Amino acid sequence: MQDWCAPEHEPIVITSARAATLRDSRGREYLDGNSSIWTNLHGHNHPRINAAIAAQLNAFAHCSFLGLTHPRAIELGTALIGFFPADTLTRVFFSDDGSTAIEAALRMSRQYWQLVGQPERRRFLSFEHAYHGDTLGAASLGGIPLFRQPIAGQNESDTLRLADIAALETLDPATVGTLAAAVIEPLVQGAAGMKLWPPGTLARLRAWCDRHGILLILDEVMTGFGRTGTMFACEQENVLPDFLCLAKGLTGGYLPLAATLTTERIYAAFLGEYHELKTFFYGHSYTANALGCAAALASLALFCDEDTLTRIQILSRNLSTLLQARLAPLPPVGEIRQIGLIAGIDLLADPATKRPFPWQAQTGARVCHAARAHGLLTRPIRDTLVLMPPYCTTDDELARMVEALRLGILETICAR
Ligand SMILES: Cc1ncc(COP(=O)(O)O)c(C=O)c1O
């Protein structure tokens, strides 16, 4: 806040956007290097998504989803379960954003165990460096010290946080018996700095959960909808969860909407007469917002009509070539991690010894600030630079994004 209010700070006021470009109130243009915080898929102002929202707006913008439904929600629910084999993920619960998609999964899994007579299964297993959102329940799973510190003590006894998958085997049966569900960001931990899990991690976690009867919650809030190269990250290890949490890219990055997909087994446990009180008492005012559902349907249609997954493959290969050719040789560049169209580039004071820059120096933030002058907007995670371009990015724009980071690094670090 203090930086923002400083007299010398000039806020960037975004006034329009098209495809991969954002334009500010002074007419300056920037490439959207992090897809507007990992949400945008097909670019801004896409005529097909605009038209879908406009058409829905002409019908109505929003109605309660309590005891009601509407065509776009029905179509979207059907489309989402259509991505998975029959009789696997068959039920959809709508909410508003990534955090609430996770909250819904946490609450459903805990209530499920109460309903089936095993209330002792109430804790959640998560991982160090995980990030699952900022609402109190989702944040209590998180393993990033900086974000945990302000809520220290909150739900601590409800969360079992492990360093890695190998630690599963060290858990004693009494502890395992208290677990309701395990929660993981599949393939890559985003807010941790785009940290890739070792291959096989997801499949091993699924097998472990199956062995111990523990539910598996996959947080695909960041990875869903093509980001890792496949429509959903879990496909790459042939894993199906008990809960799949989707948000961010669900509407193509247009509107806040989330979905928690689950199985018939979970759904069935909540069925009963009113007096049995099996109700899932959870919902939000804007659940299944009709404009959001219309945007999501248009975004999903674009995957077919524009062959988006093929374009993602091509762009990913180009990105990898550019990162290796233009950034890897720079002295402060350490590890470069990439999966699909997610890239994390570590900046280190000494890559040979992996010595980081002092965190107070805000090196990553200063590099991204310098890159603005070269027409790129992105945000670092501490000293990891993030590139996550929209899928509509052209080859030339991709090269310009990487070049802006290169110049930002050279001007901020190498020129000192
Ligand atoms: C993996 C993951 N889960 C959950 C969230 C929370 O999503 P939201 O900010 O929409 O609440 C995020 C946000 O960055 C995320 O990356």
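## Domains and their contact

In this predicted model, the C-alpha centres of domain 1 and domain 2 lie 29 Å apart, with domain bounds taken from an automatic or database domain assignment. That assignment gives domain 1 as 2-32 + 307-414 and domain 2 as 49-305. To their contact (C-beta atoms, placed from the backbone, within 7 Å), domain 1 brings 17 residues and domain 2 brings 13 residues. On the side of domain 1 that touches domain 2, H12 gives the most, with 5 residues.

Residues are numbered from 1 along each chain as its sequence is written. Because the model is predicted, local features need pLDDT of at least 70 and side-chain atom pairs count only at pLDDT 80 or more, whereas totals for chains, interfaces and linings use all residues.

## Helix H12

Helices are DSSP runs of H or I with at least four residues, and strands are runs of E with at least two, numbered from the N terminus. The buried residues of H12 (20 or more other C-beta atoms within 10 Å of their own, these atoms being placed from the backbone) are Thr308, Ile312, Leu315, Ser316, Leu319, Leu322, Leu323 and Leu327. They cover an arc of only 135° around the axis, judged by the directions from the helix axis to the C-beta atoms, which puts them on the same side of H12.

On the other side of H12, Thr310, Ile314, Arg317, Gln324 and Ala325 are exposed, that is, with 12 or fewer such atoms. What covers the buried residues includes helix H11 (290-305), strand E13 (333-339), strand E14 (342-347) and helix H14 (395-414).

Conventions
Two residues are in contact if their C-beta atoms, placed from the backbone, lie within 7 Å.
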